[in-house]
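Please keep the sequence and the structure in view while reading.

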Amino acid sequence: MTYVDAASAPARKNGQIKLHGPAAFAAMHKAGRVAAQCLDMLAGEVRPGVTTERIDRLACAFGREHGAWPATLMYRGYTKSTCTSVNHVVCHGIPNEKPLRDGDIVNVDVTFIVDGWHGDSSRTFGVGRIPRRAQRLIDVTYEAMMRGIASIRPGATTGDIGAAIQTFVEGHHMSVVRDFCGHGLGQLFHDEPNIVHVGRPGEGIPLKPGMLFTVEPMINLGRPHVKVLADGWTAVTRDRSLSAQFEHSVGVTDAGVEIFTLSPGGIDKPATSAD
Ligand code: MF3
Ligand code: CO
Ligand code: CO
């Protein structure tokens with residue numbers, strides 16, 4: 001980012017959806033790659049007995065070694081480099097000293113700022129051997145995200161993304177969380193537009209080349225309802241059912257869509273072993 005760019009970039013949401021050019025796409029690929037590489041590294045660290053605090057420290061160190069700053073650190077009072085959401089935690093789980101246990105599932109969400117641009121991605125990992133229903137939830141959640149992304153092209157709408165996700169998930173008798181959504185990003189962490197993970201084809205905002213946003217569906221085995229715990233962050237399923245999430249940062253192109261956070265190691269969907 002040049003000083004001129006920095007001076008002209010709005011520091012807050014202003015209701016306008018920004019359209020970005022090739023330089024921004026190159027910068028987003030760079031930021032997205034650090035997030036994806038970090039998740040590749042963490043895939044080898046998630047196992048029974050490891051704490052989410054350790055995962056958080058590893059992610060922070062990885063970012064610093066790659067010229068990246070964790071966007072969540074000191075963001076609205078949040079003090080960690082990652083969100084680690086275990087089992088019935090839907091999102092924004094705060095890393096802590098409790099060891100992961102065999103059979104848990106954990107979503108690790110990282111956002112790195114590189115040269116002023118944000119790369120935001122998450123994957124859900126299985127810890128040791130996980131139950132079949134947890135495996136099914138992870139499979140459906142990953143496929144739902146990818147179906148949402150596959151619907152993106154100029155002229156499609158945000159409703160098309162939501163419809164692709166909702167139809168697939170509800171067809172598997174699972175539910176889509178409504179309370180949290182994907183978001184525009186770039187030089188801001190959370191920008192316009194909101195990407196809701198439910199919807200009807202043709203509704204919502206028309207997609208245009210140059211838009212940058214995340215697709216990050218949270219899917220529950222039970223009902224969609226969530227509540228936020230007293231810490232002000234941790235969102236859990238009201239019925240305590242299992243919840244999973246995947247997230248990619250993407251850009252709309254003339255041809256369709258580019259994913260900025262693809263795994264260099266080809267492990268976008270982590271290997272799991274199920275009973
Ligand atoms: N990375 C999350 C997202 O996908 C946001 C986390 S904000 C935090 O948008 F403060 F909870 F870390
Ligand atoms: Co996000
Ligand atoms: Co995220």
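A polar contact is a pair of N or O atoms within 3.5 Å; within protein, one must be able to donate a hydrogen and the other to accept it, and residues adjacent in sequence count only if both atoms are side-chain atoms. In this structure, a nitrogen atom of ligand 1 lies 3.3 Å from an N or O atom in the side chain of T111.

The model is predicted: local features need pLDDT of at least 70, side-chain atom pairs count only at pLDDT 80 or more, and totals for chains, interfaces and linings use all residues. Residues are numbered from 1 along each chain as its sequence is written, chains are lettered from A and ligands numbered from 1 in the order in which they are written, and side-chain values use heavy atoms, with hydrogens and water left out.

**Ligand 1**

- Besides the contact with T111, an oxygen atom of ligand 1 is 2.9 Å from an N or O atom in the side chain of E216.
- An oxygen atom of ligand 1 is also 3.0 Å from an N or O atom in the side chain of E247.
- Taken alone, ligand 1 exposes 340 Å², and the protein buries 96% of that; such accessible areas come from the Shrake-Rupley method with a 1.4 Å probe, and for residues only the protein chains shown count as cover.
- The ligand is surrounded by 14 residues, the closest being T72, H183, H190, E216 and E247; a residue is near a molecule or strand if one of its heavy atoms lies within 4 Å of it.
- This shell comprises 5 nonpolar, 5 polar and 4 charged residues, where Ala, Val, Leu, Ile, Met, Phe, Trp, Tyr, Cys and Pro count as nonpolar, Asp, Glu, Lys and Arg as charged, and the others, Gly among them, as polar.

**The largest pocket**

- Ligand 1 sits in the largest pocket, meaning that more than half of its atoms lie within 2 Å of the grid points of the pocket.
- On a 1 Å grid over the protein atoms alone, a pocket is an open set of points with protein on both sides within 12 Å along at least five of seven lines, whereas a cavity is a set of points where a 1.4 Å probe fits but cannot get out; lining residues have an atom within 4 Å of a point.
- The largest pocket contains about 550 Å³ of space; grid points are joined across faces, edges and corners, and a volume is the space filled by probe spheres set on the points.
- Its lining has 26 residues, of which H92, F180, C181, H183 and H190 lie nearest the centre.
- Strands β2 (82-86), β4 (105-114) and β8 (182-184) each supply at least two lining residues, and β4 gives the most, with 3 residues; helices (H or I, at least four residues) and strands (E, at least two) are DSSP runs, numbered from the N terminus.
- By class, this lining has 9 nonpolar, 10 polar and 7 charged residues.

**The second largest pocket**

- About 360 Å³ of space lies in the second largest pocket.
- Among its 21 lining residues, V86, H88, V89, N96 and K98 are the closest to the centre.
- Both β2 and β13 (235-237) supply at least two residues of this lining.

**The cavity and strand β9**

- The whole structure has 1 cavity of 30 Å³ or more, and the largest cavity holds about 70 Å³ of space.
- Strand β9 (residues 191-195) provides the largest share of the lining of this cavity, 3 residues.
- P193, a residue of strand β9, is joined to E192 by a cis peptide bond with omega of about -5°.
- Both E192 and P193 are among the residues that line the largest cavity.

**Backbone angles in loops**

- N87 is not a glycine, yet has a positive phi of about 55°; N87 lies in the loop between β2 and β3 (89-91).
- H173, also not a glycine, has a positive phi of about 60° and is found in the loop between α5 (158-171) and β7 (175-176).
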